[in-house]
Number of protein chains: 2
Amino acid sequence: MPPRSPTSRDVARLASVSRTTVSYVLNNSDSGIAVSPATRKRVLDAARDLGYHPNAAARSLRSQKAGVVGLVTYASTMQMGANAFMPLVLDGVMSVLGGAGVKLIVEAAIPGQPDPCVGLARGGHVDALIVTGARPADNGLRVLHADGVPIVLWGMLAGSDLPFVDVDNVAAARMAVEHLLDLGHERIACITNAPPSNNSAAADRLLGYRTALESRGIVVDEVLVRRANYDEVSGFEAMRDLLAQTVRPTGVFVASDEVALGALKAARVIGVTVPDDLAIVGFDDLPIAPFVEPSLTTIRVPAREIGIVAARMIIAMMANGSIATSTTLATELIVRESSGTLRA
Amino acid sequence: MPPRSPTSRDVARLASVSRTTVSYVLNNSDSGIAVSPATRKRVLDAARDLGYHPNAAARSLRSQKAGVVGLVTYASTMQMGANAFMPLVLDGVMSVLGGAGVKLIVEAAIPGQPDPCVGLARGGHVDALIVTGARPADNGLRVLHADGVPIVLWGMLAGSDLPFVDVDNVAAARMAVEHLLDLGHERIACITNAPPSNNSAAADRLLGYRTALESRGIVVDEVLVRRANYDEVSGFEAMRDLLAQTVRPTGVFVASDEVALGALKAARVIGVTVPDDLAIVGFDDLPIAPFVEPSLTTIRVPAREIGIVAARMIIAMMANGSIATSTTLATELIVRESSGTLRA
DNA sequence: TTGTACGCGTTATCAT
DNA sequence: ATGATAACGCGTACAA
């Protein structure tokens, strides 16, 4: 059995003061109450010598604050290991939270199981939540929000007034497709991700695709719109099906880089050369994008910054009790080889 | 202000019973004490109607258990977003912990800052720790272990008796290099990762490389041993330098797939064809490995299973109070295109 | 079968 | 400037 960690009582005993004084010295350092420097030093030394760490449970029980933020992923496709994007966000979140001395509990929602956010918040495990992949049907979030639990969404929740951080997916997708249009392509396909009933990001990217084409007076051929499932395999299959069409597209907008990698492979296997026979634009600008063959033209999404901003918003909400204003981060078209040059 | 979450007192009131009864019904369901079915139902209904969730802090304070495991990464190169491997492990950990109703706190050690493991464990934030990238110098772990805190390492800690889960990096690397030898290569280079003072995985992979060559009577040419830094860019640079040699290698063992992707790019840029001019074997078998061009021959490391096993070991240790026995997971050589065929 | 009372470690209030 | 005391919400030994 572990020798129980020292308590403030132990520190008090060693420093020959009361627990109250220990508490003052350790927390209220800048409060109105003064403590004699000698006493202060004795307490500090005692705490250090004992390796004292205040008990989280007791502190939390007393203060009614957990000092912990929850990061919850809903859609399985958004989960930690499922795609290469999420970890970058997590990294950003951790850097901000760590700096603020706030802990991070990570949890994944499992379909059919009780909403983890509710348990986390109601049980006092966390003071606030960063949520991604939530669907409108998850009204647990609404209730928590109504009750004043600070919540920040990564990605918008359709028809919700929860504060979020996101990119303008419609505009970004439009930018990607317009790049292809500007290169002279007219028959442009789209591989977007299958929305888990309604992932607004996937839907918005598709919308951006449609908007771009329509703004140039091109009618969208629905046979050119395909669904993938966030990974390479599904991208491979989508592209394979696309290239089985009698009239092949000359350009493809793929709504995520990992899927694009699978698509690239399919083209290669089929004998379609990228970018000469087929121009491809991805989405995300993952670290691998510059290194795949051919290097991937894509939309840069500031993944780590998304995490940073979300965490900052949450920290602010916890401090102020206010509701942060939603943030839309900028994307950027990164032109590399896969989109090729001006079409003859 | 949030309307405070309901307490067991509220449940008791609504069900017209005492708090004790509520506690019995909710926790001790299978205890010796019996509760009348009618009462039980009243309590359950009341809890459900109120959306009651036991307060984590109070429960933890009382039980002296946090119900939380900490996942701590030390080396920055091992951090969540830094490479594509860690998220897969995290995913495995989460799946096991979630099923056991145990929460997960994720934290990254920052050089120069106090060891997060100590604060996490001593402060009672967590009951146990899963640790990766720890260096022998971090003796906080030793002390915690000596005090009976359940700890599992992912990757071995040199000269430590902490239980770990890992793969046999020496054997795996040897297998990779022997594959190249079997294909008829003799001048084989190695790009391993720069150990953060002492990452045993990196060192072991290098050792496996040396062992393989020496077992065939080949003297290692130190000019063929290069260091990368876990990412594509460093892999690119390492390969570029390698190919600047007067006598180029015909095969390269790269100690991680992401680095291999960078190396692949460098070869392409320089005009060296893989696998015809240069055979490459990677390590990890990331999801992207089959999709890069050419598809990557590599060592499969069961990333998700590493997480699963580590979590299971931790759960067992928390339950038994025992010390789990270390686990070494199997690797496998996955032959794809990048290593080419038998050399003329 | 159910209720009463205590303590887990902290911090805040109130005396001294 | 410092110390005694109460309360946070829960679980359980004990009494009824």
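Predicted model: local features only at pLDDT ≥ 70, side-chain atom pairs only at ≥ 80, totals over all residues.
## Two helix pairs in chain A

Helix H8 of chain A covers residues 169–182, and helix H9 of chain A covers residues 200–215. The two pack at an angle of about 40°, and their axes are 7 Å apart. Because of that angle, H8(A) counts as oblique to H9(A). The crossing of H8(A) past H9(A) is right-handed. On the H8(A) side, the contact is made by A:Asn169, A:Val170, A:Ala173, A:Arg174, A:Val177, A:Glu178 and A:Leu181. The residues they meet in H9(A) include A:Ala201, A:Asp204, A:Arg205, A:Leu207, A:Gly208 and A:Tyr209. Further along H9(A), the contact also includes A:Thr211, A:Ala212, A:Leu213 and A:Ser215. Sorted by class, the residues of the contact of H8(A) with H9(A) are nine nonpolar, four polar and four charged.

A second pair consists of helix H2 (residues 19–26) and helix H3 (residues 37–50), both of chain A. Here the packing angle is about 90°, with the axes 10 Å apart. H2(A) contributes A:Thr21, A:Val22, A:Val25 and A:Leu26 to the contact, while H3(A) contributes A:Thr39, A:Arg40, A:Val43 and A:Leu44. Five residues of the contact of H2(A) with H3(A) are nonpolar, two are polar and one is charged.

## The interface of chains A and B

The size of an interface is often given as the accessible area lost when the parts come together. For chain A and chain B, the buried area is about 4400 Å². Carbon and sulfur atoms give 66% of that area. Which three residues supply more than any others of the area that chain A buries against chain B? They are A:Lys103, A:Arg122 and A:Phe291, which together supply 15%. Chain A brings 52 residues to the contact, and chain B brings 52 residues.

## Salt bridges

A search of the whole structure, over all chains, finds 30 salt bridges. Across the interface of chain A and chain B there are four salt bridges. A:Glu293 forms a salt bridge with B:Arg268, and the closest N and O atoms of this pair are 3.0 Å apart.

Within chain A, A:Asp91 forms a salt bridge with A:Arg304, where the closest N and O atoms are 3.1 Å apart. How many residues apart are A:Asp91 and A:Arg304 in the chain? They are 213 residues apart, and the pair links distant parts of the chain. A:Asp91 belongs to helix H5 (residues 86–99) of chain A, and A:Arg304 belongs to helix H12 (residues 303–320) of chain A.

A:Glu293, which forms the salt bridge with B:Arg268, is joined to A:Pro294 by a cis peptide bond with omega of about -5°. A:Pro294 sits in the loop between strand S9 (279–281) and strand S10 (298–300) of chain A. In chain B, the peptide bond from B:Val274 to B:Pro275 is cis, and omega is near 5°. B:Pro275 is found in the loop between helix H11 (257–270) and strand S9 (279–281) of chain B.

A:Gln64 is not a glycine, but its phi is positive, at about 60°. A:Gln64 is placed in the loop between helix H4 (56–63) and strand S1 (68–73) of chain A. B:Tyr230 is not a glycine either, and has a positive phi of about 75°. The loop that holds B:Tyr230 runs between strand S7 (225–228) and helix H10 (232–242) of chain B.

How values were computed. Residues numbered from 1 in each chain as written. Chains lettered and ligands numbered in written order. Heavy atoms only, no water. Axes fitted to C-alpha atoms, helices over the stretch in contact; angles between N-to-C directions. Helix = DSSP H or I, 4+ residues; strand = E, 2+ residues; numbered from the N terminus. Parallel < 35°, antiparallel > 145°, perpendicular 65-115°, else oblique. Left-handed = near helix turned anticlockwise from the far one by under 90°. Contact = heavy atoms within 4.5 Å. Nonpolar A, V, L, I, M, F, W, Y, C, P; charged D, E, K, R; others polar. Buried area = accessible area lost by both parts, 1.4 Å probe. Salt bridge = Lys/Arg side-chain N within 4 Å of Asp/Glu carboxyl O.
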